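Work through the exercises below with the sequence and the model open. Each task is followed by a solution in steps.

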Amino acid sequence: MVEVYFYLPAGHVANAVECGIKLSDWYSKEIELDGGLRKCISALLNPRDDMKKYMSTEYRCLKMEIMPKYCYIADNLMYQTGLVNSEAMDMYLRTIVPVEKYSFGQFRLPECLVVSTVIGDYVSILDKRLDSPILYDNSEELYVGNIIEDFKEKYDDFNDALLYSFFLKLTENGIYRMINDDVNGTSIFIDNINKKVYTIRIPDLRRY
């Protein structure tokens, strides 16, 4: 079974735990899957992927246990862009995968498309203290961390390239000033407010 998370307004929770979550009542999108248009409940792989609702008293987080054949994973952030850009929507549809083919960190904001009603026996209220431990803080942090690790393996000076580009932009915006040492290949960035100093090796950005 696949554990996913779904937020409901607090007033609907008791009924959902007793009677289940009906697909026709709670679906949020219709997606072409396996040759047909299917209603989908958009659930989360990590309850902290929606921190606004996670911290809210108006919503409760439900844990649902779903058979894998009823679960597909998609990039909800790409879907949001797809609402205003047709190319992004095409990419969203092309990259939907069955849950068993999904690798954690593959999408920045993954959603689990549940294509079935979930009966009450498989719905429970998430206990943030005692429930199953979540192995990562949130999906976006995992996604970004994976990208950084991939590029660190590919480029041995990636950390310097990242920091140098960031500080260069801050300098362009007048937040820092910079002293370049081309002989030794370093740049010194000085915070204009608190005078804190950062020494960064100048990367060869032509490699990227």
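## Exercise 1: a salt bridge across the chain

Lys63 is buried, because its relative accessibility is 9% and the cut-off for buried is under 20%. The model is a predicted one.

Solution. 

## Exercise 2: salt bridges within helices

Task: Determine the spacing in helix H6 of Lys152 and Glu149, and in helix H7 of Glu172 and Lys169.

Solution. 
1. Lys152 and Glu149 form a salt bridge with an N to O distance of 3.5 Å.
2. These two residues are three apart in helix H6, which means a separation of about one helical turn.
3. Lys152, at 34% relative accessibility, is partly exposed, and Glu149, at 40%, is partly exposed.
4. In the bridge between Glu172 and Lys169, the closest N and O atoms are 3.7 Å apart.
5. Glu172 and Lys169 are likewise three residues apart, here in helix H7, and so about one helical turn separates them.
6. Glu172 is exposed at 57%, while Lys169 is partly exposed at 48%.
7. The count of salt bridges by this rule is five.

## Exercise 3: helix H7

Task: Compare the span of H7 with the expected value, and list its buried residues.

Solution. 
1. H7 covers residues 158-172, 15 residues in total.
2. From first to last C-alpha the helix reaches 21 Å, close to the 21 Å expected at 1.5 Å a residue.
3. Phe158, Ala161, Tyr164, Phe167, Leu170 and Thr171 are its buried residues.
4. Their cover includes helix H6 (139-154) and the strands S9 (176-181), S10 (186-191) and S11 (197-201).
5. Just after H7, Gly174 has a positive phi of about 80°.

## Exercise 4: the largest pocket

Solution. 
1. The largest pocket holds about 320 Å³ of space.
2. Its lining has 18 residues; Phe6, Tyr7, Ser42, Asp50 and Lys53 lie nearest the centre.
3. S1 provides the largest share, five residues.

Conventions:
Residues are numbered from 1 along each chain as its sequence is written. This is a predicted model: local features need pLDDT of at least 70, side-chain atom pairs count only at pLDDT 80 or more; totals for chains, interfaces and linings use all residues. Side-chain values use heavy atoms; hydrogens and water are left out. On a 1 Å grid over the protein atoms alone, a cavity is a set of points where a 1.4 Å probe fits but cannot get out, and a pocket is an open set with protein on both sides within 12 Å along at least five of seven lines; lining residues have an atom within 4 Å of a point. Grid points are joined across faces, edges and corners, and a volume is the space filled by probe spheres set on the points. Helices (H or I, at least four residues) and strands (E, at least two) are DSSP runs, numbered from the N terminus. The expected span of a helix is 1.5 Å times one less than its number of residues. Buried means under 20% relative accessible area, exposed over 50%, partly exposed in between (1.4 Å probe, protein chains only). Contact means heavy atoms within 4.5 Å. A salt bridge is a side-chain nitrogen of Lys or Arg within 4 Å of a carboxyl oxygen of Asp or Glu.
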